[in-house]
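Let's take a walk through this protein together, one stop at a time. Have a look at the picture and the sequence below, and keep both at hand as you read.

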Amino acid sequence: MPNYENVFVMDHPLIQHKLTFLRDASTGTKHFRELVSEIATLMCYEATRDLPLEETEIETPMQKTKTKVISGRKLAFVPILRAGLGMVDGMLQLVPSAKVGHIGLYRDHETLKPVEYYNKLPQDIEERDVIILDPMLATGGSAVDAITIVKRSHPKSIKFLCIIAAPEGIKALTEAHPDVHLYCAAVDNGLNENGYIMPGLGDAGDRIFGTL
Ligand code: PRP
Ligand code: URA
């Protein structure tokens, strides 16, 4: 059984409701894309819950008052291409100042092993807390490799945010990178013989980009 210590399952009713339509095979590309983005926004809200605050003083129309702002913490979002791209706009809705890096990985259909084809991260990533984005955590191979790639640039911290996780992927990620917090909206039953999550939602990249 995977170690769930650093695993956060976001079971908010709005997320669960949207996830139902995301899973539904009759949901078309436009609606699917909108749902991925909306779920990412809701998940971003939860995944940034630990951002530190600092006190500041402002003047309301009535009087001066002490209040709080996020304390200079810089974020970077790193989608795993392609499907992670679908989550970026939803994340930027809440944190428009975040920088965006990209890691290109695809799963070889025979071996199920990830193959790297692109890598561009923000230059100042050492000053940033990174949230890696991918809707699907299946075998975990892509997530483990993406985290390894990002770690080489020494960011302040790394979180991994996915929509659906398989227990196999959770096990692989938490064993390879026990320091990384994993956020997901659902933990599904497991993988089928082709490495697809069951019940899952099918191929996330194909459903986002209409390449079915
Ligand atoms: C999917 C998905 C993840 C990966 C998960 O991408 O978006 O990146 O598979 O599988 P894993 O946990 O077994 O590595 P895919 O390789 O289909 O590429 P795509 O996003 O370009 O379609
Ligand atoms: N990648 C997907 O897009 N879906 C799965 O179910 C597994 C990997």
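In which loop is the place of His-154? Look between α4 and β10, the strand that runs over 157–161, and you will find His-154 in the loop that links them. Before we go on, please keep in mind that this is a predicted model. His-154 has a backbone detail worth a glance: its phi is near 55°, a positive value in a residue other than glycine. Leu-112 is another residue to look at here, with a positive phi of about 65° although it is not a glycine. You can find Leu-112 in the loop between β6 and β7, where β7 covers 114–120.

Pro-199 has its place in the loop between β15, which is 197–198, and α6.

Now let's look for empty space. Rolling a probe the size of a water molecule over the atoms shows where such space is left. The largest pocket here has a volume of about 600 Å³. Its lining is made of 28 residues, and the ones closest to its centre are Arg-107, Met-136, Ser-142, Asp-203 and Gly-205. Which helices and strands each supply at least two residues of this lining? They are β4 (74–81), β6 (102–107), β9 (136–137), α4 (141–151) and α6 (204–209). By residue type, the lining divides into 14 nonpolar, ten polar and four charged residues.

What takes up this space? Let's visit them in turn.

Around ligand 1 there are 15 residues, of which Arg-107, Asp-134, Thr-139, Gly-140 and Ser-142 come nearest. The shell draws at least two residues from each of β6, β9 and α4. Sorted by type, the shell around ligand 1 holds six nonpolar, five polar and four charged residues. Some of the contacts come from side chains: a polar side-chain atom of Arg-107 lies 2.7 Å from an oxygen atom of ligand 1. Here Arg-82 returns, with an N or O atom in its side chain 2.9 Å from an oxygen atom of ligand 1. Ala-138 takes part through its backbone, where a polar atom is 2.9 Å from an oxygen atom of the ligand. On its own, ligand 1 has 500 Å² of accessible area, and the protein covers 92% of it.

Follow the backbone and you will come to several contacts. A backbone N or O atom of Ile-197 lies 2.8 Å from an oxygen atom of ligand 2. At Gly-202, a polar backbone atom is 2.8 Å from a nitrogen atom of ligand 2, while at Ala-204 a polar backbone atom is 2.8 Å from an oxygen atom of this ligand. Of the 230 Å² of accessible area that ligand 2 has on its own, the protein covers 89%.

There is one more stop on our walk. The second largest pocket has a volume of about 190 Å³. What lines it? You can trace the lining through Thr-48, Arg-49, Leu-51, Leu-53, Ile-70, Arg-73, Lys-74, Leu-75, Leu-94, Val-95 and Ser-97. These lining residues divide into six nonpolar, two polar and three charged.

Terms used
Residues numbered from 1 in each chain as written. Chains lettered and ligands numbered in written order. Predicted model: local features only at pLDDT ≥ 70, side-chain atom pairs only at ≥ 80, totals over all residues. Heavy atoms only, no water. Polar contact = N/O pair within 3.5 Å; in protein donor to acceptor, adjacent residues only side chain to side chain. Areas by Shrake-Rupley, 256 points an atom, 1.4 Å probe, with all protein chains shown as cover. 1 Å grid on protein atoms, 1.4 Å probe; cavity = no way out; pocket = protein on both sides within 12 Å on 5 of 7 lines; lining within 4 Å. Points joined across faces, edges and corners; volume = space filled by probe spheres on them. Helix = DSSP H or I, 4+ residues; strand = E, 2+ residues; numbered from the N terminus. Nonpolar A, V, L, I, M, F, W, Y, C, P; charged D, E, K, R; others polar. Near = heavy atom within 4 Å.
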